[in-house]
Every structure is written in C-alpha cells, then in structure tokens.
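Let's take a friendly walk through a protein model. Have a look at it first, then read on.

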Amino acid sequence: MAEQIYEIICISLFGLVFGSFLNCMAMRMVRKEDYVKGRSHCMSCGHELGPRDLIPVFSYVSSGGRCRYCKEKISLRYPITEISFMVLSDVLYICTRPDGIMFYKNWVLVGLLFAIALVDLEAFEVPNGLLLAAFISWAAFSVIELILGRNNLLYYGKQLLAGLILGAVMLLLSLLMDSILKRDSLGGGDIKLYAVLGVYLGFAKSYELVLLSCIFGLIFALIRKMISRNASKEFPFGPSIASAAYLVLLFGDAITAWYFKLL
C-alpha cells in the first residue's frame, strides 16, 4: 500500500510538470513561437521567468495569481491545465499500473492529445508536428514490444491497416458531409488524428472512438451554443476526439467485451 501511494505521488508530480510543459508548448504553437528553444516569459510584459516562477500550481498560488514583475493577472488556465493533466496521469496509471510499458506508451499519447486539444481549442488547428510525434512514439514502443516478444509483426501490420482504414473512412464521410452541408464538416487535421489513433487502438476500438467522439462533439457544441448564442457554426473537434480516445484507452476492452455479450 505504501509503495502504491509513493508511486501515485511521483506520477502526480511528474503529471504537474509535464502538464505545465504541454500548456507552455501549446501556447507557443498558437502564437507561432519556437516551442523548443527560448526561455519561458510573462505573456503580458515579456519578462523572462525565473525558477521560482515555474513551479506548477505553487508559483501561481504564491504570487497571488499575478506576475511578479508587471503585476498583471495570470490566467487560471495555468493551474487548471497542470492539475487536469495530473489527474489524467493518475487515473491512467491506476488503470494500467501492472503494465509499465503500456502506461508509458499511453502516457506519451495522452500528453500529445492534451496538447492537441489545447491548440485546437484556441487556434482551430491540429498541429502536424504533434501527430507525427504520436506516430513516432507508437513506432518506437512497438519496436520495444517486439524485442520483448509481446506481439508479432502481423499484429502491428493490422494496427497500421486499422489506422489507414479509419483515416480513409473518415475522409470519405467528410467529403460526403461537405457535399450535403455545402461547407467543411471535418478538418484535415481531425482526419489525420483519427488515422493516428486507429494505429494505437486497432479495428474494434476505432468504432468506439468514432462513436464517443461524435457524442462528445454534440455535447460540446450544445454547451458552446448555450454559453454564446453568437458562436460560429465551426468549432474545434480535436478536444472531442482526444477525450474519446482517453476513455477508449482506459475502458476500450471492457466496452468491447460488454458489446459482444449483447450479441
């Protein structure tokens, strides 16, 4: 029990730090800044931040939610995203704890999905760089699993085929809906995101992903419309896909087993 508590504390701390990094990366992507190089800085005055300004959550609380240099208010986005990713990390760890490799594989994916959702919410864009990183991560962990004898090449071939088919199906559906609605229905980034997730999830779970993401999309659109009556018809679909993917990663096997019991 003590060991599990220690592990959760460690994952929580890493989740806070990783969440802070992902939030910073997403904000720089939106602003077309270099997210690899350069020091973190205040978004209001541009002052470079010191070590005590970069401690997740603690820095926000200790400074009273204001920049130490210009005294401008700091957005609640910072502690909210940091805590949110900490919770996502903890739940993921609890659900996949017996399988360390699976946890790290899914953790990297969840981190990238988190960043994609943040960027898409603000810029209506799914960055190709993050999609490529997700695919490279899948390939790297697949090699590790092959070396350990967990799966064979046929299994990964099926996963790749699932991604290609899911991407193709969503592209065809998008073109069909475009012709019916006379406007863009699904962005190219969303289609590529589906394809990458299909590689991770395989055939059976891809159906669950599409269904859940559509449900989340409808809920998100309704909430958005309730908050702002003048909201545009266009809305970011990436967060819905990312949320659905997270749930499928955690509960996909249980959902599949439950579904087949009904047949």
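## Before we start

This is a predicted model, where local features need pLDDT of at least 70, side-chain atom pairs count only at pLDDT 80 or more, and totals for chains, interfaces and linings use all residues. Residues are numbered from 1 along each chain as its sequence is written, and side-chain values use heavy atoms, with hydrogens and water left out.

## The whole protein

You'll find eight helices and zero strands here; helices (H or I, at least four residues) and strands (E, at least two) are DSSP runs, numbered from the N terminus. Reading along the sequence gives α-α-α-α-α-α-α-α.

The C-alpha trace spans about 60 × 55 × 35 Å along the principal axes. Of the 263 residues, 41% count as buried (under 20% relative accessible area, with a 1.4 Å probe and protein chains only).

## Zooming in on α5 and α6

How do you describe two packed helices? Use the angle between their axes and the distance between the axes. For α5 (residues 128-147) and α6 (residues 153-181), the angle is about 165 degrees and the axes are 11 Å apart. Axes are lines fitted to C-alpha atoms over the stretch in contact, and angles run from 0 to 180 degrees between N-to-C directions. So α5 and α6 are roughly antiparallel (an angle over 145 degrees).

Who does the touching? On α5 the contact is made by F135, W138, S142, E145 and L146, and on α6 by L153, Y156, Q159 and L160. Contact means heavy atoms within 4.5 Å.

Definitions and conventions
Angles under 35 degrees count as roughly parallel, over 145 as roughly antiparallel, 65 to 115 as roughly perpendicular and the rest as oblique. Buried means under 20% relative accessible area, exposed over 50%, partly exposed in between (1.4 Å probe, protein chains only).
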